[in-house]
Amino acid sequence: MSEILHITDADFDKTVNSDTTVFVDFWATWCGPCRMLAPRLEQAAQTFDGRAVIAKYDCDQSSGKAAEYGVRGIPTIIAFKRGEVIDQRTGACDQATLDAFIEKNL
């Protein structure tokens, strides 16, 4: 069972520079839609174990990468392949929508 990685500015680049697609959730603890998305990300981490990496980046704890990637609303999920942005989506969604977004970017 795959676990969600919790990343900061310090380990962000190392995490997203992977041959496996990495999905980074930009979020904050005070954000209601972020909290709604959290269990769906947990499920996605299990569903896509070994095929994708799910990571969470707390915009209140670190903010450098959120600014660098132009994150203006949270939750925003950005998909990275070998350190390059390949797709992104903003806002909470249901499990089927999240799974389809991940599947499309693998």
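Author: Let me start with the elements: helices (H or I, at least four residues) and strands (E, at least two) are DSSP runs, numbered from the N terminus. Residues are numbered from 1 along each chain as its sequence is written. This is a predicted model, in which local features need pLDDT of at least 70, side-chain atom pairs count only at pLDDT 80 or more, and totals for chains, interfaces and linings use all residues; side-chain values use heavy atoms, with hydrogens and water left out.

Reader: Thanks! What pattern does the protein chain follow along the sequence?

Author: Reading along the sequence gives β-α-β-α-β-α-β-β-α. That comes to four helices and five strands.

Reader: What makes the radius of gyration of the protein chain agree with a compact globule?

Author: The radius is taken over C-alpha atoms, and the globule rule is 2.2 Å times the number of residues to the power 0.38. For 106 residues a compact globule would be near 13 Å, and the protein chain has 12 Å, so the two agree. The C-alpha atoms fill a box of roughly 30 × 30 × 20 Å along the principal axes.

Reader: Now to the cysteines. Where is C31, and where does UniProt place the feature "active site"?

Author: C31 sits in the loop between β2 and α2, while C34 belongs to helix α2. The unreviewed UniProt entry places "active site" at C31 and C34. UniProt positions follow the numbering used here, feature names are shortened, and annotations may be inferred rather than shown by experiment.

Reader: Why is C31 called buried?

Author: Buried means under 20% relative accessible area, exposed over 50%, and partly exposed in between (1.4 Å probe, protein chains only). C31 has 4%, so C31 is buried. C34 has 1% relative accessibility and therefore counts as buried too.

Reader: And which residues does C34 touch, leaving out those up to four places away in sequence?

Author: C34 touches W27, A28, I74 and P75, where contact means heavy atoms within 4.5 Å. With the same exclusion of residues up to four places away, C31 touches I74 and P75.

Reader: Why does D87 count as buried?

Author: D87 has 18% relative accessibility, so D87 counts as buried. This residue is found in strand β5 (residues 84–90).

Reader: How do you know that the side chain of D87 makes a polar contact with the side chain of K104?

Author: A polar contact is a pair of N or O atoms within 3.5 Å; within protein, one must be able to donate a hydrogen and the other to accept it, and residues adjacent in sequence count only if both atoms are side-chain atoms. The side chains of D87 and K104 make such a contact at 2.9 Å.

Reader: Which residues touch the most other members of the largest nonpolar core?

Author: A nonpolar core is a set of buried Ala, Val, Leu, Ile, Met, Phe, Trp, Tyr and Cys residues joined through side-chain atoms within 4.5 Å. Of its 15 residues here, F23, L41, I54, I77, L98 and I102 touch the most other members. Two or more residues each come from α2 (32–47), β3 (52–58), β4 (76–81) and α4 (95–104). The largest share, four residues, comes from α2. Apart from this core lies another, of 13 residues, including F12, F26, C59 and A66. In soluble globular proteins, nonpolar side chains tend to be buried together.
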